[in-house]
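Please open the model in your viewer and keep the selection panel at hand. The tour goes from one selection to the next.

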Amino acid sequence: MAAWLIALPTLAALAVVVTALLHPDTEIISHLAKYVLPRVAVNTVLLVAGVALFSAVIGAGLGWLTAMCNFPGRSFFAWALLLPMALPGYVMAFVAIGVLEYAGPLQTLARDWIGSSAWFPQVRSRGGVIVIMSLALYPYVYLLARNAFLTQGKRALEVGQTLGLSRRQSFFRVALPMARPWIAGGLMLVVMETLADFGTVSVFNYDTFTTAIYTSWFGLHSVTSALQLAFFLLLLVFAAVILERRLRRGAAYTSNLAPPAARVDLAGWTKWAAFTAATVVFAAGFALPCLQLVIWTLQGVQPDFRFAGIALRTVLLAASAAMSITAVALMLVYAIRNAGRLARLAGRVATLGYALPGTVLAVGIYSKLTWLNGLVNDLFALLASAPPRLYLQGTIAAMLLAYLVRFLAVAFQSVDAAMQRITPNMDESARLLGVAGWRLLGRVHVPLLRGGLLTALILVFVDVLKEMPITLMTRPFGWDTFAVRVYEMTSEGMWQEAALPALAIVLVGILPVVLVVKASAYAAATR
Amino acid sequence: MPIRLLLLLPVWLAAACAPSAEQVVVYSSRAEQLIQPLLERYAAESGVRISWITDKEGPLMQRLIAEGDQTPADLLLTVDAGNLWLAAEEGLLQPAGSTLLEKNIPAHLRDADGRWFGLSVRARTVAYSTERVDPQQLGSYAGLAEPKWRGRLCLRTAKKVYNQSLVAMMIAEHGEPKTEQIVRGWVANLAAPVFSSDTRLLEAIVAGQCDVGIVNTYYYGRLQKQNPQIPLALYWPDQDGSGVHVNVSGAGVVRHSDNPQAAVALLEWLSSAEAQKEFAAINLEYPANSAVSPDPLVAQWGSFRQNVINVSRAGELQAASVRLMERAGYR
């Protein structure tokens, strides 16, 4: 019951998508089926597969290296490799294109020196968009995988080694399988984010389901066919979710709270290979894009004196969203833990909002809110004959509700993964001692879940910082955020002017990101 | 009794928050930095309170549809005639009924029923490299489909409404089959995958990736401001034919506005000579009010004959244009 209650706002938004199926626009659908869908489907599948693969390799690989191995710069990379998370994908995209394109400084330099840049790989290509999006999204996998490696304890590895596994074998055959729910959770976020992305792919002009949705909606003026395409997208996600569940059916991932494994000192070339891999990812995913943003900012952009107010509102919004959404995610995880299949389904449904393009979601939620508002208006008209007004929209509460639908998945994945570490035995022992219900949650689970909750808080905080379409649609007058400033500038192609608010997003995002890594390392060390 | 009072509380709060002075709420898809100075100036001069929210035009219209008669919006300000046409078509706007507006704004830049008015003119024209192109070779938009431009043409993505409107106007003029042939010719001539911004396209011409492209003039103006020596120039096509394709940014009074008189007054002020100069100059566009001269930098580019088909045709034919471009492989 509780789970379904939490899923209600998402269901309302999904209802808008599903009801569109009842009114097929056959002419447009047949046009889409012939000229658009085949290409878009191939593009989308290849993009998702490519980004998932890259993110998994980079995220899990570096997560393992920084959690379990010693190599030069490890303690720096441990938190620095998370920083790309503070850099929105659309910003990374326009920076990459600005720098790497034919007209950009690198190729221009190449032509000046050697006369040709024909050997330079085409940036605005499938490969280009996959690389950029992977660099923007791998931190989801990295953060969750690293947490898993840090908390799984050393006993399993020791057992593996006494059974004759080499270090490499014990990574692939023990540690990696044990970290699967975390890696899968991170990957699920990456996949859903990729499916819903509009900003990055449009900078690359790479057509996916999302861009097709926008074209049908705003170009062909067919909201109906846009929503029908969105339904396709949901089916894809549902399939991915079910596939992932199938793959690990019956497995349990609880831990015995053993002390963390000691880090292994890498030696010889492996040490430098690890260093190089971490450096390349950090430079490409964070340092170089930020450097370019700083250069653009310095190239004669006037400061905006409203920045302090914007900063305050941005932080306030992101913080309240992070706290409320994490709290709801905890309730959802808890509701599912103690309930049956139906509740689990509610959990799946409640987290689907993450895969819908932000604008579709924003419109879905907004129209339902307006409907609710109509009821309130009817009531007021009855009581006080007040003129119709918008009471719900343009309030922070409505905004937070919309963020909840969008980002519940983010918080859910990390809280849920952390909950997997708590054995049912612990619940039973607690109950034997007379601790049950909410007290069980408060006194036993929450302390144990601290790492997962913190991860959830940070992920949502940083995601809200970067979020555009929902903020644009539901914000009250004057509640501009840094992402809104970036939108204002980029919508007019003013990349250099967008650099300053983009940097501001990074700066606001860095601190919590650093804190969470320190905290998770601390938590693992003090177990 | 206390419960009844409690129920009424929100009403009181709302009433208490309602401004006593006149207020105009603007929904705008024209970027904030391009409207803020003017709206603030009007607020200071007239004492009318103005608040605004910006978003992409599609979501803004969906928002208006969803809000219906509960909407706080008074004025919808947006770019592209197609969007204005669609807003009127969806019943989101009401006639302004202002003879002053009809006098200030030429007939082809406004709705016949007075539901929206163009406020600035955006010309979409041909830009070329002054180093590699002799302007004599240029002529019309259709001419860019000729084989002599193979591997020399750059275009912006077909998803941008500016190109959708340009192709829509070509459909209005040449019909669908001929236009599709032209668009196929453009695609065959492309030197690089289509760009997502006019500025990048212009930079590609400067860098030598291609020689000609189709852009809105103000993007060229911005680059020219940064670098007056930039080896790029604008060409006015179709001067013997139907003229340069123009589009507008414009506004209309929201159908369910609580304060339509104040909205009309703001609109009238925006069309007046003093506001028009700044409205256009701030983004290096052309004033819609033909009595007002453009910014000196813009005036340098020379005068040209505009295509005077009513710009709302772009809206009517937009869906056809999008489908045509998808058929022709223009992404």
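Select B:Cys154 and B:Cys210 in this predicted model, and look along the S-S bond, where the angle of -105° makes the link left-handed. The two sulfur atoms lie 2.1 Å apart, and the pair counts as a disulfide, defined as cysteine sulfur atoms within 2.5 Å. Over all chains, the structure holds one disulfide.

B:Cys154 sits in strand E6 (residues 153-154), whereas B:Cys210 lies in the loop between helix H8 (198-207) and strand E7 (212-216), so that the link joins distant parts of the chain, 56 residues apart. Both B:Cys154 and B:Cys210 are buried, a term for under 20% relative accessible area with a 1.4 Å probe and protein chains only.

Move to chain A and select A:Cys69, which is buried at a relative accessible area of 5%, and then A:Cys290, which counts as buried at 10%.

Finally, show helix H4 (residues 89-100) and helix H5 (residues 105-114) of chain A, whose axes, lines fitted to C-alpha atoms over the stretch in contact with angles from 0 to 180 degrees between N-to-C directions, come within 5 Å and cross at roughly 10°. H4(A) and H5(A) are therefore roughly parallel, the term for angles under 35 degrees.

Residues are numbered from 1 along each chain as its sequence is written, and chains are lettered from A and ligands numbered from 1 in the order in which they are written. Local features need pLDDT of at least 70 and side-chain atom pairs count only at pLDDT 80 or more, while totals for chains, interfaces and linings use all residues, and side-chain values use heavy atoms, without hydrogens and water.

Note on methods. Helix = DSSP H or I, 4+ residues; strand = E, 2+ residues; numbered from the N terminus. Buried < 20%, exposed > 50% of the residue type's maximum accessible area, 1.4 Å probe, protein only. Parallel < 35°, antiparallel > 145°, perpendicular 65-115°, else oblique.
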